[in-house]
Amino acid sequence: MSSELIQQQMPTPLATAIDLDAYFRRIGYTGDRTPTLETLREIQRLHTAAIPFENLNPLLGIPVLLDLDSLQQKMVKNGRGGYCFEQNRLLSQVLKALGFRVRELAARVLWNVPDGVVKAISHKLLNVQVGDAWYLADVGFGGLSPTGPVRVELDTVQTTPHEPFRVVDRNEELVLQALVKDEWRSLYSFTLREHQSPDYEMFSWYLCNHPDSYFLNNLAVARSTADRRYGLRNTVFTTHHLGGESEQRELASVAEIRTVLEGVFQIALPGVPHLDATLQRLIDEAAETRHKTV
C-alpha cells in the first residue's frame with residue numbers, strides 16, 4: 001500500500017477552533033470583525049478590562065495548560081484570568097481567526113530588575129500586522145499591560161487608553177517602555193524572532209516549577225478599567241487612578257482578599273481546599289516582614 005493511500009485512510013485530527021462568539025461575550029465586544037486597527041484597539045482595551053492577569057494556578061499548584069481548549073475553558077467559560085502565556089495565546093488565536101497576521105514573540109522582563117542583572121526569557125507578547133504596519137499587542141504584562149496596540153516604530157511616543165508607550169533600541173534588542181510618573185520605565189526587551197509553542201511550554205514550565213519563580217510563592221493580580229488600574233501583590237491592594245494618585249490598602253484577612261479577588265478583579269475563584277490556607281500564608285508572611293522592618 002502506498003504512503004499516499006495510507007495517509008488518505010488515516011483519520012484527520014480535528015483542530016481546536018476558537019469560539020469567537022463566546023470570547024466576545026466574555027469581553028463585551030460587539031464591534032466589527034474585520035482586521036482593522038480599530039478592531040485591534042477595541043479588543044485589546046476590552047480584554048484587559050474583562051480578563052484579569054492572575055497567577056492563582058501556579059500559586060496553588062494547579063497545572064497551567066496552554067492548549068486552546070483549556071484556555072477557553074478557563075478564561076472564557078470559567079471566569080478566570082491567567083498570565084502572559086495564557087492571555088496572549090488566547091488573544092493570538094482570536095486575532096488569527098479574524099484575519100490578522102500574528103507573530104508570537106518572547107521577552108526578558110526588565111521591570112524592577114537592577115541594571116546588569118539578566119533574567120531568563122519569561123514573557124510572551126504578540127506582533128500584529130495591520131496594513132503595512134506592525135504593532136505590539138500584549139494583554140499579559142499585569143499592572144502595566146498596554147491597553148492599546150503600540151506600533152513598532154522607534155522613539156515614537158504613542159498614546160493608549162492608559163499610559164503613553166514607546167519602543168527604543170538597546171544593544172540590538174527592542175525595549176518597550178511606559179511613561180510612569182513622568183519617567184520612562186522599561187518593561188521588557190525583545191527581538192522580532194518568532195517563537196513556537198514548545199518554547200512557551202518550556203518558559204511556562206519554568207515559571208511554575210523553578211523554586212525562585214515569583215509566581216510560585218506570591219500572588220499577583222491586575223485589571224484595568226476605563227479610569228484606573230487595580231493591582232494586588234500578596235496582601236497589598238493598589239488602585240492607580242488614571243492621571244492621578246495611587247491608593248494602597250493592606251488586606252488583613254482571607255475574607256478581605258477573597259472579596260477583592262471576586263469583586264474588584266471579578267475572578268471566579270478555583271474551588272480547591274487549600275485556597276484559604278494559601279491566602280493565610282501570604283497574610284502571615286506579610287505580617288512577619290512588617291515586624292522585621294520595624
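Axes are lines fitted to C-alpha atoms, for helices over the stretch in contact, and angles between them run from 0 to 180 degrees between N-to-C directions. The model described here is predicted. On this basis, helix H5 (residues 68–77) packs against H6 at about 105°, and the two axes lie 10 Å apart. Angles of 65 to 115 degrees count as roughly perpendicular. H5 is therefore roughly perpendicular to H6. On the H5 side, the contact is made by Leu-68, Leu-71, Gln-72, Lys-74, Met-75 and Val-76. H6 contributes Glu-86, Gln-87, Arg-89, Leu-90 and Gln-93. By class, the contact of H5 with H6 has five nonpolar, three polar and three charged residues.

H6 (residues 84–98) also packs against helix H3 (residues 37–50). The axes of H3 and H6 come within 12 Å and cross at roughly 150°. An angle over 145 degrees counts as roughly antiparallel. H3 and H6 are therefore roughly antiparallel to each other. The crossing of H3 past H6 is right-handed. Thr-39, Leu-40, Ile-43 and His-47 form the H3 side of the contact. They meet Gln-87, Leu-90, Leu-91, Leu-95 and Leu-98 of H6. Six residues of the contact of H3 with H6 are nonpolar, three are polar and none is charged. Gln-87 and Leu-90 of H6 take part in the contact with H3 and also in the contact with H5.

A further helix pair is formed by H9 (residues 254–263) and H10 (residues 275–293). Their axes are 9 Å apart, at an angle of about 110°. H9 is therefore roughly perpendicular to H10. The contact of H9 with H10 comprises five nonpolar residues, one polar residue and two charged residues.

The largest pocket holds about 1,700 Å³ of space. Its lining consists of 48 residues. Trp-111, Asn-112, Gly-143, Leu-144 and Arg-233 lie nearest the centre of the largest pocket. Two or more lining residues come from each of strands E3 (121–130), E7 (173–180), E10 (228–233), E11 (236–241) and E12 (246–250), and from helices H7 (197–209) and H8 (214–217). E10 gives the most to this lining, with six residues. The lining of the largest pocket divides into 22 nonpolar, 17 polar and nine charged residues.

The second largest pocket has a volume of about 340 Å³. It is lined by 19 residues. Nearest its centre lie Leu-110, Gly-116, Val-117, Arg-170 and Ser-189. Strand E2 (101–109), E7 and strand E8 (183–190) each give two or more residues to the lining of the second largest pocket. E8 supplies the largest share, three residues. By class, the lining of the second largest pocket has eight nonpolar, five polar and six charged residues.

One cavity of 30 Å³ or more was counted. The largest cavity has a volume of about 60 Å³. Thr-48, Ile-51, Pro-52, Phe-53 and Gln-87 are among its lining residues. Val-139, Gly-142, Ser-145, Ala-222, Arg-223, Ser-224 and Arg-229 also line the largest cavity. Strand E9 (residues 220–225) gives the most to this lining, with three residues. Five residues of the cavity lining are nonpolar, five are polar and two are charged. Gln-87 links this region to the helix packing: this residue lines the largest cavity, and Gln-87 of H6 also meets H3 and H5.

Conventions: Residues numbered from 1 in each chain as written. Predicted model: local features only at pLDDT ≥ 70, side-chain atom pairs only at ≥ 80, totals over all residues. Heavy atoms only, no water. Helix = DSSP H or I, 4+ residues; strand = E, 2+ residues; numbered from the N terminus. Parallel < 35°, antiparallel > 145°, perpendicular 65-115°, else oblique. Left-handed = near helix turned anticlockwise from the far one by under 90°. Contact = heavy atoms within 4.5 Å. Nonpolar A, V, L, I, M, F, W, Y, C, P; charged D, E, K, R; others polar. 1 Å grid on protein atoms, 1.4 Å probe; cavity = no way out; pocket = protein on both sides within 12 Å on 5 of 7 lines; lining within 4 Å. Points joined across faces, edges and corners; volume = space filled by probe spheres on them.
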